[in-house]
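Dear colleague,

My findings follow directly after it.

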Amino acid sequence: MNRRAFGVGAAASLALAGCSRSGGAARRFQFYEGPKVTSVVINKGSRKMYLLHNEEVLREYDVDLGFAPQGHKQFEGDGKTPEGTYMIDRRNPNSRYHLSVGISYPNGQDRAKAQAVGKQPGGEIFIHGQPNNPKERKRAARVSDWTAGCIAVSNDEIEEIYAMVQDGTTIALRP
């Protein structure tokens, strides 16, 4: 084999190795080949999230919630995590919080209730990992229920959730 062909082959091998799953950013995107997640349930009181296939619990996670977690989210800035039934409606691979999966809050009823008291309902409610910003990550490590209303898990856990839960999946957030 001539040197040029060897050099090109070696460079291509190294480039492909850099794209493997064990590398930094590529590791974030896992592949899931198991039973379909048919619903997500969050029990705010016990700080637990469950990924379900019909009635079978596939995964269980400990979660952090909004900084004022008691009760249903009423308006922007109240620090509450919503309660009720919503949908997983989007995903953000470029999130400030490692990865994130969006929840369809607010619905029409949420908007109407906030408007009735002259406030905005807020939005941008996600299940997400830990902050990318080192200063924010330190704060999150020190306190429980540190989000503005989202559901937080570890980075390894959000990678798994991101792979398992598809857009259109029902999510029930219970008190």
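A residue is called buried here when its relative accessible area is under 20%. The model is a predicted one, and every value in this message was computed from it. By that cut-off Y105, with a relative accessible area of 3%, is buried.

Overall architecture

The protein has five helices and eight strands. Along the sequence, these elements follow the pattern α-α-β-β-β-β-β-α-β-α-β-α-β. Of its 175 residues, 39% count as buried. The accessible surface comes to about 9,900 Å², and carbon and sulfur atoms account for 53% of that area. Among contacts between residues at least 6 apart in sequence, 61% join residues at least 24 apart.

Strand β4 and its partners

Strand β4 covers residues 84-92 and pairs with strand β8, residues 170-174, in the antiparallel sense through four bridges. Within this pairing, G84 stands opposite L173 of β8. Strand β4 is also joined by four bridges to strand β5, residues 100-103, and these two strands run antiparallel. Here R90 has G102 of β5 as its bridge partner.

The nonpolar core

The largest nonpolar core holds 26 residues, of which M49, I127, I161 and I171 touch the most other members. The elements that give two or more residues to this core are β1 (39-43), β2 (48-53), β3 (56-62), β4, β5, α5 (155-164) and β8. Helix α5 provides the largest share, namely four residues. Leaving out residues up to four places away in sequence, I161 touches M49, L51, Y61, I127 and V153.

Aromatic pairs

The structure contains three aromatic pairs. One of them is formed by Y86 and Y105 in an edge-to-face arrangement, with 5.9 Å from centre to centre and 70 degrees between the planes. Because Y86 lies in strand β4 and Y105 in the loop between β5 and α3, this pair ties together parts that are 19 residues apart in sequence. Y86 is buried, at a relative accessible area of 4%. A further pair consists of Y97 and W146, whose ring centres are 6.0 Å apart; their planes stand at 40 degrees, so the pair is tilted. This pair links distant parts of the chain, since Y97 lies in the loop between β4 and β5 and W146 in the loop between α4 (134-142) and β7 (151-152), 49 residues apart. Both Y97 and W146 are buried.

Two buried loop residues

T81 is located in the loop between β3 and β4. Its relative accessibility is 0%, so T81 counts as buried. A polar atom of the T81 side chain lies 2.9 Å from the backbone nitrogen of G66. Apart from neighbours within four places in sequence, the residues in contact with T81 include K44, L65, G66, H72, C150, I151 and L173.

P121 is placed in the loop between α3 (108-116) and β6 (126-128). At 10% relative accessibility, P121 likewise counts as buried. With neighbours within four places in sequence set aside, P121 is in contact with several residues, among them K73, F75, Y105, P106, D110 and A114. The C-alpha atoms of P121 and Q109, which are twelve residues apart along the chain, are separated by 9.9 Å.

With kind regards

Technical notes:
Residues numbered from 1 in each chain as written. Predicted model: local features only at pLDDT ≥ 70, side-chain atom pairs only at ≥ 80, totals over all residues. Heavy atoms only, no water. Pairing = 2+ DSSP bridges. Core = buried A, V, L, I, M, F, W, Y, C linked by side-chain atoms within 4.5 Å. Buried < 20%, exposed > 50% of the residue type's maximum accessible area, 1.4 Å probe, protein only. Contact = heavy atoms within 4.5 Å. Polar contact = N/O pair within 3.5 Å; in protein donor to acceptor, adjacent residues only side chain to side chain. Areas by Shrake-Rupley, 256 points an atom, 1.4 Å probe, with all protein chains shown as cover. Phe/Tyr/Trp six-rings, centres within 6.5 Å; stacked < 30°, edge-to-face > 60°.
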